[in-house]
Amino acid sequence: MVFSSYAFIFVFFPLALAGYWLAARYLGAAAAKVWLVAASLCFYAQGSARFLPLLVFTVLLNYGAVRLFSRYPKDTATAKLVLAGAIVENLGFLLYFKYANFFIDNLNHLLGLAIPHQNTGLPLGISFFTFIIITCVVDTYRGRTEPGPLLDFCAFVTFFPHLIVGPISRHGDVVPQLPRPGARAGIDGRNIALGIVLFSLGCAQKIILADPLIAHARAFYGGAAGGFFAAWGGVLAYTFAYYFDFSGYIDMALGLALLFNIKLPHNFDSPYKAVDFADFWRRWNITVSNFFYEHIFRSIFRFGDRIGKMVLAIMATFLVSGLWHGAGWHFVLWGAANGVLVCVANIMNLKGKRLPAFWGWATTFTLMVLTRVLFDSSSVSQAVSVYKTILDIRPLFTETSAFFAQGLAYVRANGPAVALLLAGAGICFFAPSTRDISERFAPRWYHAALAGAALVASLFLMGTVSNFLYMEF
């Protein structure tokens with residue numbers, strides 16, 4: 001079940017929300033949390049019923065770990081052992097389900113073996129709920145949060161708006177927003193209004209912009225042929241499709257959570273307006289970037305270390321980030337390329353050398369589009385083929401008239417996709433971010449009109465249910 005589906009919008013979510021608030025109002029906080037956990041597990045089972053026991057097992061096992069931290073002080077041998085065990089368990093499942101066949105392929109290639117693939121499948125959202133749980137375990141170990149009752153822990157981890165694609169929330173931020181025993185449950189009008197606006201805008205991003213652009217990009221990458229303009233059309237289509245697909249999901253998640261009076265962290269801050277790659281990664285998928293920064297970068301680099309140590313930490317962080325995004329060498333190369341560009345940006349900033357704002361933005365966006373080819377391709381060889389096509393501008397000089405005629409023919413044949421690309425670029429480059437909208441939001445009639453128009457248009461165009469791209473990771 002995905003957020004942008006009739007079943008979710010008209011059946012599951014109304015029942016989940018109504019049951020939650022009715023339980024909170026008439027049965028108390030505990031009943032509301034039980035209902036929320038049950039609804040969240042039902043939501044997960046709709047997309048990954050086979051792996052529901054794994055999710056439940058992981059939640060219960062990690063709750064046992066965080067409870068032990070209250071008995072054994074930080075830095076004791078027992079606490080460190082429990083921390084290590086919890087991290088190994090979480091990463092072990094992630095590595096097995098996501099990377100077992102990748103490792104098998106490489107062993108077979110290097111050693112000439114014929115080890116068969118494992119029929120593991122991929123638990124829905126394992127990359128994201130693993131990071132949510134690890135963050136909670138580490139925060140509890142460091143004394144940043146208290147484990148609290150089991151029901152609170154379960155409600156936090158399984159909370160369906162952030163369960164399968166993030167954002168990576170923190171226990172200490174979410175749990176205090178859950179109903180408290182003895183406190184009167186109250187619905188916040190501003191949260192309701194903002195939640196509806198964010199959900200509607202997120203749904204429109206997914207249905208109106210992302211889905212058609214995904215179809216256009218896949219048509220190119222499926223064959224990876226068609227010439228210069230078709231290649232650039234496919235590359236740019238994925239560039240904006242991934243943005244609106246992921247940003248749309250996150251906006252819907254933020255909006256849904258607000259309807260439960262819960263504020264989740266923002267995950268995007270107009271990343272395509274970034275003026276260098278360090279700036280870009282402070283704006284794109286913020287909570288995952290923060291996770292890698294905290295658990296990898298800071299474990300290698302400390303303030304005052306030399307530049308060489310900083311470069312090592314950045315490269316390690318982005319190599320892991322690349323592999324986290326997908327089990328393939330093209331993802332590793334994508335991570336390495338981003339690491340190099342972030343190193344360059346940080347070194348330039350340290351030395352006080354920055355490009356003028358426009359040229360910094362233009363350079364960053366162009367390089368981001370080019371590195372995305374590695375991310376969007378199915379293999380390194382396909383990425384090389386795409387690069388050869390999009391970087392071959394010889395016909396511009398040798399067959400100028402024919403070159404521009406091909407460009408015009410592409411625009412005529414793909415008018416709707418080109419229009420969506422232009423609309424997407426306008427939104428990414430000039431529209432306010434979700435953070436800006438949320439911080440300045442005050443309910444007005446035009447917000448209701450905008451949300452209504454966006455949601456109605458999305459419902460009319462919804463048709464076939466399509467998964468979010470980041471569900472694959």
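**Charged pairs, cavities and aromatic rings in a predicted model**

Student: Is Arg 144 buried, exposed or partly exposed?

Tutor: Arg 144 counts as partly exposed, with a relative accessibility of 47%. Please keep in mind that this is a predicted model.

Student: Which side chain does Arg 144 meet in a salt bridge?

Tutor: The partner is Asp 139, and the N to O distance between the two side chains is 3.4 Å.

Student: And is Asp 139 buried or exposed?

Tutor: Asp 139 counts as buried, at 4% relative accessibility. Asp 139 also forms a salt bridge with Arg 170, where the closest N and O atoms are 2.8 Å apart.

Student: Where do Asp 139 and Arg 170 sit in the chain?

Tutor: Asp 139 belongs to helix H5 (residues 126–141), while Arg 170 is in the loop between helix H7 (160–163) and helix H8 (171–174). The two are 31 residues apart, and the pair thus links distant parts of the chain. Arg 170 counts as partly exposed, at 27% relative accessibility.

Student: How many salt bridges does the structure hold?

Tutor: There are 13 salt bridges in the structure. Another of them joins the side chains of Asp 279 and Arg 283, at 3.0 Å from N to O.

Student: What separates Asp 279 and Arg 283 in helix H11?

Tutor: About one helical turn, because they are four residues apart in helix H11 (residues 277–283). Asp 279 is buried, at 12% relative accessibility.

Student: Which residues do salt bridges with shared partners join into one network?

Tutor: That network consists of Asp 139, Arg 142, Arg 144, Arg 170 and Glu 294.

Student: New topic: how many disulfides does the structure hold?

Tutor: The structure holds zero disulfides. Cys 136 is in no disulfide, and the nearest cysteine sulfur, which belongs to Cys 154, lies 11 Å away. Cys 154 is likewise in no disulfide, its nearest cysteine sulfur being that of Cys 136 at 11 Å.

Student: Is Cys 136 buried or exposed?

Tutor: Cys 136 counts as buried, at 1% relative accessibility. Cys 154 is buried too, with a relative accessible area of 12%.

Student: Which residues line the largest cavity?

Tutor: Its lining is made of Phe 280, Trp 281, Trp 284, Trp 334, Asn 338, Met 368, Thr 371, Arg 372, Phe 375 and Tyr 470. These divide into seven nonpolar, two polar and one charged.

Student: Where does the largest share of that lining come from?

Tutor: Helix H15 provides the largest share, with four residues. H11, helix H14 (329–350) and helix H15 (357–376) each supply at least two.

Student: What lines the second largest cavity?

Tutor: The lining is Leu 54, Thr 58, Asn 90, Phe 93, Ile 126, Phe 129 and Thr 130. Four are nonpolar, three are polar and none is charged. H5 gives the largest share, three residues, and helix H3 (52–69), helix H4 (77–111) and H5 each supply at least two.

Student: Last topic: how many aromatic pairs does the count come to?

Tutor: The count comes to 71 aromatic pairs. One of them is the stacked pair of Tyr 272 and Trp 284, with 6.1 Å centre to centre and 10 degrees between the planes.

Student: Which parts does the pair of Tyr 272 and Trp 284 tie together?

Tutor: Tyr 272 lies in the loop between helix H10 (227–259) and H11, and Trp 284 in the loop between H11 and helix H12 (286–300), so the pair ties together parts twelve residues apart in sequence. Tyr 272 is buried, with a relative accessible area of 2%, and Trp 284 counts as buried at 2% relative accessibility.

Student: What arrangement do Phe 365 and Phe 429 form?

Tutor: Phe 365 and Phe 429 form an edge-to-face pair, 5.2 Å centre to centre with 85 degrees between the planes. This pair links distant parts of the chain, since Phe 365 is in helix H15 and Phe 429 in helix H19 (residues 415–430), 64 residues apart. Phe 365 counts as buried, at 15% relative accessibility.

Definitions and conventions: Residues numbered from 1 in each chain as written. Predicted model: local features only at pLDDT ≥ 70, side-chain atom pairs only at ≥ 80, totals over all residues. Heavy atoms only, no water. Disulfide = S-S within 2.5 Å. Buried < 20%, exposed > 50% of the residue type's maximum accessible area, 1.4 Å probe, protein only. Salt bridge = Lys/Arg side-chain N within 4 Å of Asp/Glu carboxyl O. 1 Å grid on protein atoms, 1.4 Å probe; cavity = no way out; pocket = protein on both sides within 12 Å on 5 of 7 lines; lining within 4 Å. Nonpolar A, V, L, I, M, F, W, Y, C, P; charged D, E, K, R; others polar. Phe/Tyr/Trp six-rings, centres within 6.5 Å; stacked < 30°, edge-to-face > 60°.
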